[in-house]
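Thank you all for coming; I would like to take a few minutes to walk through one model. Please have the sequence and the coordinates open while I talk.

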Amino acid sequence: MLIVNNFEEYEAHLGKELGISQWHTITQEQINKFAEATLDYQWIHTDTERAKTDSPFNTTIAHGYLTLSLIPYLWKQIADIRNIKMEINYGIESFKFGQAVRVNSEIQLKAKLLAISNLRGITKVVIQAILDIKGEAKPAYVGNVVFLYHFN
C-alpha cells in the first residue's frame, strides 16, 4: 500500500507504477444490482440462460460502466492518501475497453502516476488505470482517471 501525506510525496512517484489492487470477483449478483441501479437490463448482462446460447461469450458479462465504477474501490487498495480535507473524482479520460469481463471473472487494477500539478493549493493527479482480468492477456480497459486532493 502506497502512503502519501502531501504533494511532495505524491510528486516523487511521477511516472512510476503506484501499485496493484487485490483481485475482485465480478458476480452475477453484483451485475444484477448494477443493472437495477442504472436501469440497464440489457440481456447480455442479466439473462443467464439466453447468454449461454446467444452471447458470443457463452455467459453474461459485466457492464463496462460497472467495471469503471469499481475504480474508487480498487484505488483505495493501492493508495492511502492522507492529510486531506477532501478528495474529488474529477474526470476520466481516453478510456478504451479491450475486452468484456465475464461473470465470475477476477479483476485487478494497476495504477501509474502520469501527471501531477498544484492548482492554487489543490493537487490534481492523472492516474493511468489498467483493469486486468485473471488469466487473460488483454486488459478489460486502459484509461486515465483524474483526482483532485485538498491537502491540509
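Let me begin with a definition: a residue is called buried when its relative accessible area is under 20%, exposed when that value is over 50%, and partly exposed in between, with a 1.4 Å probe and protein chains only. By that rule Tyr141, with a relative accessible area of 1%, is buried.

What you are looking at is a predicted model, in which local features need pLDDT of at least 70 and side-chain atom pairs count only at pLDDT 80 or more, while totals for chains, interfaces and linings use all residues. Residues are numbered from 1 along each chain as its sequence is written, and side-chain values use heavy atoms, with hydrogens and water left out.

First, the overall picture. The protein has six helices and eight strands, where helices (H or I, at least four residues) and strands (E, at least two) are DSSP runs numbered from the N terminus. Their order along the sequence is β-α-β-β-α-α-α-α-α-β-β-β-β-β. The C-alpha trace spans about 55 × 30 × 25 Å along its principal axes, and 41% of the 152 residues count as buried. If we take contact to mean heavy atoms within 4.5 Å, then among contacts between residues at least 6 apart in sequence, 71% join residues at least 24 apart. The accessible surface, from the Shrake-Rupley method with a 1.4 Å probe and, for residues, with only the protein chains shown counting as cover, comes to about 8300 Å², of which 50% belongs to carbon and sulfur atoms.

Let me turn to the aromatic residues. How many aromatic pairs does the structure hold? There are six aromatic pairs, a pair being rings of Phe, Tyr and Trp (its six-membered ring) whose centres lie within 6.5 Å, with planes under 30 degrees apart counted as stacked, over 60 as edge-to-face and the rest as tilted. One of them is formed by Tyr10 and Tyr149, whose ring centres are 5.5 Å apart and whose planes stand at 50°, so the pair is tilted. Since Tyr10 lies in helix H1 and Tyr149 in strand E8 (residues 141–151), this pair ties together parts that are 139 residues apart in sequence. Tyr10 is buried, with a relative accessible area of 0%, and Tyr149 is buried, with a relative accessible area of 0%.

Another pair is that of Phe97 and Tyr141, with ring centres 6.0 Å apart and planes at 90°, so this one is edge-to-face. The pair links distant parts of the chain, with Phe97 in strand E5 (residues 84–97) and Tyr141 in strand E8, 44 residues apart. Tyr141 is the buried residue I began with, whereas Phe97, at 46% relative accessibility, counts as partly exposed. Finally, ring pairs link Tyr10, Trp75, Phe147, Tyr149 and Phe151 into a cluster.

Now to some polar residues, for which a polar contact is a pair of N or O atoms within 3.5 Å; within protein, one must be able to donate a hydrogen and the other to accept it, and residues adjacent in sequence count only if both atoms are side-chain atoms. Asn6 sits in the loop between strand E1 (2–4) and helix H1 (7–11), is partly exposed with a relative accessible area of 27%, and reaches the backbone nitrogen of Glu8 with its side chain at 3.2 Å.

Gln77 is in the loop between helix H6 (71–75) and strand E4 (79–81). Is Gln77 buried or exposed? Gln77 is buried, with a relative accessible area of 19%, and its side chain reaches the backbone nitrogen of Gln22 at 2.8 Å. Leaving aside neighbours within four places in sequence, Gln77 is in contact with Met1, Ser21 and Gln22.

Asp132, in strand E7 (residues 122–133), counts as buried at 16% relative accessibility. The side chains of Asp132 and Lys110 are joined by a polar contact of 3.3 Å. Not counting residues up to four places away in sequence, Asp132 touches several residues, among them Trp23, Glu106 and Pro139.

I will end with Ala35, which is found in helix H2 (residues 28–38) and is buried, with a relative accessible area of 0%. Leaving aside neighbours within four places in sequence, Ala35 is in contact with Asp40, Tyr41, Thr46 and His63, and the C-alpha atoms of Ala35 and Glu8, 27 residues apart along the chain, are separated by 41 Å.
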